[in-house]
Amino acid sequence: VAVGDHVSLGPLAVVGHDSVIGEHSILAPAALVSGFVRVGRACYLGAACAVRQRVVIGDEALIGIGAVVLRNVPPQGTVVGNPARPLAKPQLV
């Protein structure tokens, strides 16, 4: 496992083998990152989320609480739910 500078790993967070956690990222309590996962720079992985093996999470992405991530997440993307789906951004009027 390679963990970048200024990363916060919450209590009970698990990072699987051969994974990379980018600098300034946060893994909230009980977040689960499986093997061969790539987490980009400045990401937030919510409490009790689970990330499937070989998934790539882009820079500045947000993973919601309890989300089950089965597919790659684009940079600055926000995903929630089980299975995780993109969260629509509110439209300003």
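This is a predicted model: local features need pLDDT of at least 70, side-chain atom pairs count only at pLDDT 80 or more; totals for chains, interfaces and linings use all residues.
Trainee: What makes S3 and strand S6 (residues 32-33) a pair, and in which sense do they run?

Mentor: Two bridges join S3 to S6, and they run parallel.

Trainee: Which sheet does S3 belong to, and why is S3 called an edge strand?

Mentor: It sits in an open sheet of four strands, ordered S3-S6-S9-S12, with parallel pairing. S3 and strand S12 (68-69) each have a single partner strand, so one side of each has no neighbour in the sheet. As background, strands of a sheet pair through backbone hydrogen bonds, either parallel or antiparallel.

Trainee: How many strands are in the other open sheet, and in what order do they come?

Mentor: That one has six, running S2-S5-S8-S11-S13-S14, and its pairing is mixed. Its edges are strand S2 (8-9) and strand S14 (85-86); each has one partner strand, so one side of each is left open. S2 pairs with strand S5 (residues 26-27) in the parallel sense, over two bridges, and Leu9 has Leu27 as its bridge partner in S5.

Trainee: How many helices and strands does the protein chain have?

Mentor: Zero helices and 14 strands. These are DSSP runs numbered from the N terminus: helices are H or I with at least four residues, strands are E with at least two.

Trainee: What makes the protein chain as compact as a globular protein of its length?

Mentor: Its radius of gyration, taken over C-alpha atoms, is 12 Å, and the globule rule (2.2 Å times the number of residues to the power 0.38) also gives 12 Å for 93 residues, so the two are close. The C-alpha atoms fill a box of roughly 45 × 25 × 25 Å along the principal axes.

Trainee: Why does Ser19 count as buried?

Mentor: Buried means under 20% relative accessible area, exposed over 50%, and partly exposed in between (1.4 Å probe, protein chains only). Ser19 comes in at 1%, so it is buried. It lies in the loop between strand S3 (14-15) and strand S4 (20-21). Across the protein chain, 32% of the 93 residues count as buried.

Trainee: How do you know that Ser19 has a polar contact with Val37?

Mentor: A polar contact is a pair of N or O atoms within 3.5 Å; within protein, one must be able to donate a hydrogen and the other to accept it, and residues adjacent in sequence count only if both atoms are side-chain atoms. Here the backbone nitrogen of Val37 lies 3.2 Å from a polar atom of the Ser19 side chain, so the distance is inside the limit. Leaving out residues up to four places away in sequence, Ser19 also touches others (heavy atoms within 4.5 Å), including Val1, Ala2 and Phe36.

Trainee: What makes Arg41 and Glu60 a salt bridge?

Mentor: The rule asks for a side-chain nitrogen of Lys or Arg within 4 Å of a carboxyl oxygen of Asp or Glu. Arg41 and Glu60 meet at 3.1 Å, N to O, so they qualify. The pair links distant parts of the chain, 19 residues apart: Arg41 in the loop between strand S7 (38-39) and strand S8 (44-45), Glu60 in the loop between S10 and strand S11 (62-63). The count by this rule comes to one.

Trainee: And why is each of them called partly exposed?

Mentor: Arg41 has a relative accessible area of 35% and Glu60 has 36%, so each falls in the middle band.

Trainee: Which kind of peptide bond joins Asn82 and Pro83?

Mentor: A cis one, with omega about -5°. Pro83 is in the loop between strand S13 (78-80) and S14.

Methods. Residues are numbered from 1 along each chain as its sequence is written. Side-chain values use heavy atoms; hydrogens and water are left out. Two strands pair if DSSP finds at least two bridges between them.
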